[in-house]
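Open the structure in your viewer and follow the stops below. Each one says what to select and what is there.

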Amino acid sequence: MVEFDDTFRQHLRELFVWRRDVRRFRADPLPAGTIDRLIETACLSPSVGLSQPWRFVVVEDAARRRAVIDDFRACNADALNAYAGERAARYATLKLSGLEQAPGHLAVFADKASDIGHGLGRATMPETTEYSVVAAITAMWLAARADGIGLGWVSILNPQRVHTTLDVPETWKFIAYLCIGYPEVECDQPELEQAKWEHRRGAEEFTLRR
Ligand SMILES: Cc1cc2c(cc1C)N(C[C@H](O)[C@H](O)[C@H](O)COP(=O)(O)O)c1[nH]c(=O)[nH]c(=O)c1N2
């Protein structure tokens, strides 16, 4: 039996408050085994039917990393073109990935064809496979922060191109591309809030009672 005391709970709350999506990384490399340890922690996450549908690809090859960076550049240019006026000007100032600086690149997929878990919980809601993978990423995000490591989620990518670049099985669905490294700064406020793109709203705004 493990007991968690008030001090732990307070620290855990601080972990939630200080977890950030990080796009600005220091150049220092990650100690050997860091990404593998984060993956191990992620694998403790809940998953539909205990299916553990997460699949991780540690992207080390320079040419593949370059291809992902080029894809981000192209997708980000398209995204900018979809805005107009003041919103476009503001979007253009945002830094939306740390792909160039991050020492660690990790792609995360959901295996839609795995029969681990024997389909339990997925018949009515097949999308729970993807939900399980996102739950694992969240755990990894928090575990990284507890070690002083920053994680940045990049979704401004073309999933099909990522798939081809990383040469993974057809049945794997692309979920996330993560940049991992030591953050340049620590902050308790989202970077998009600092940049006045959007602000964090309180729980009451998202909660209905019936
Ligand atoms: C599914 C998904 C996808 C993305 C993100 C997050 C999630 C959950 N976020 C990070 C996002 O902008 C960030 O979480 C919010 O701005 C809140 O900031 P904190 O995470 O609290 O620092 C993100 N950030 C970014 O700079 N480029 C991106 O492509 C994405 N994509």
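How many bridges join β3 to strand β4? Select both strands: 5 bridges join β3 to β4 (residues 172-181), and the two run antiparallel. Strands here are DSSP runs of E, at least two residues long, and helices are runs of H or I of at least four, numbered from the N terminus. Two strands pair if DSSP finds at least two bridges between them.

This is a predicted model: local features need pLDDT of at least 70, side-chain atom pairs count only at pLDDT 80 or more, and totals for chains, interfaces and linings use all residues. Residues are numbered from 1 along each chain as its sequence is written.

Pick glycine 152 next; its bridge partner in β4 is cysteine 179.

Now show the whole sheet. It is open, with 4 antiparallel strands in the order β1-β2-β4-β3. β1 (54-58) and β3 (150-154) are the edges; each has a single partner strand, so one side of each lacks a neighbour in the sheet.

Go to threonine 41, in helix α2 (residues 34-42). Threonine 41 counts as partly exposed because 16 C-beta neighbours lie inside 10 Å; buried needs 20 or more within 10 Å, exposed 12 or fewer, with C-beta atoms placed from the backbone. Leaving aside neighbours within four places in sequence, threonine 41 is in contact (C-beta atoms within 7 Å) with Ala139, Met140 and Ala143.

Finish at the ligand. Residues surrounding the ligand (C-beta within 6 Å) include Arg20, Asp21, Trp153 and Pro190.

Note on methods. Two residues are in contact if their C-beta atoms, placed from the backbone, lie within 7 Å.
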